[in-house]
Amino acid sequence: MTVSSISRRERKKAATRQAIADAALRLFLERGYDQVSIRDIADAADVSTTTVFKHFTGKEALVFDEDQDREAQLVAAVARRTPGQSVLDALRRHVLDTWIRIETHPQRAEFTHLVDSTPELRAYAERMWTRHTKALAAAIADAFGADHDDLACAALARYVLEIPALARGRHDPRAAIETIFGILTHGWRPPITG
């Protein structure tokens, strides 16, 4: 096998996965999560149900199709930071570069409503964040030579993962992200009141 045939196969797999995810999201937004079956998604993507399950573990995973990529990007932000860049600065840059784009996506409001109005999706999202906490905490621990169960690393990972939820809906999400990272970097200070 040559390199070009492998990359072509990988491109085809990625295209099939994306077509399935796009069909699923379109159907979920049109009909509602509970009114769409795996068979409906397979038909809309012109694949078999077996193919859907080769790419996704279940119906919930179809909604969060970029989950694995996001986790890998979080870990890479810590592991591949530039020399001299702190872990917090690398994570701040990553959150600013990725989350602002997600927050301003044209389908963001519809997607958020879909997740918030579907108990299974809310629960899946919470489990997903918990799993991200473990991977990010391990990457942070590795950066400092600490054990993977280090509480300070786990706490920092969890705080960072909560930033998008805390910044969502703010008038200036970028400023909100900067404020939260400022708290993580310099410690909390009481608000100044007039």
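Modeller: A salt bridge is a side-chain nitrogen of Lys or Arg within 4 Å of a carboxyl oxygen of Asp or Glu. The model discussed here is predicted.

Biologist: How many salt bridges does the structure hold?

Modeller: Side chains of opposite charge can pair when their charged atoms come close. The structure holds 7 salt bridges. One of them joins the side chains of glutamate 30 and arginine 26, with an N to O distance of 3.8 Å.

Biologist: Where do glutamate 30 and arginine 26 lie?

Modeller: Both belong to helix α1, 4 residues apart, which is about one turn of the helix. Glutamate 30 is exposed, at 55% relative accessible area, whereas arginine 26 is partly exposed, at 40%.

Biologist: Which residue meets glutamate 10 in a salt bridge?

Modeller: Lysine 13 does, at 4.0 Å from N to O. Because glutamate 10 and lysine 13 are 3 residues apart in helix α1 (residues 3-31), about one helical turn separates them. Glutamate 10 has a relative accessible area of 42% and is partly exposed; lysine 13, at 43%, also counts as partly exposed.

Biologist: Which side chain does aspartate 40 meet in a salt bridge?

Modeller: That of arginine 31, at 3.4 Å from N to O. Aspartate 40 is partly exposed, with a relative accessible area of 24%, and arginine 31 is partly exposed at 43%.

Biologist: How many helices and strands make up the secondary structure of the protein chain?

Modeller: The protein chain has 10 helices and 0 strands. Of its 194 residues, 37% count as buried.

Biologist: How far apart are the mean positions of the positive and negative charges?

Modeller: For the 27 positive and 27 negative charges of the protein chain, the mean positions are 4 Å apart.

How values were computed: Residues are numbered from 1 along each chain as its sequence is written. This is a predicted model: local features need pLDDT of at least 70, side-chain atom pairs count only at pLDDT 80 or more; totals for chains, interfaces and linings use all residues. Side-chain values use heavy atoms; hydrogens and water are left out. Helices (H or I, at least four residues) and strands (E, at least two) are DSSP runs, numbered from the N terminus. Buried means under 20% relative accessible area, exposed over 50%, partly exposed in between (1.4 Å probe, protein chains only). Lys and Arg count as positive and Asp and Glu as negative; His and the chain ends are not counted. The place of a charge is taken as NZ of Lys, CZ of Arg, CG of Asp or CD of Glu.
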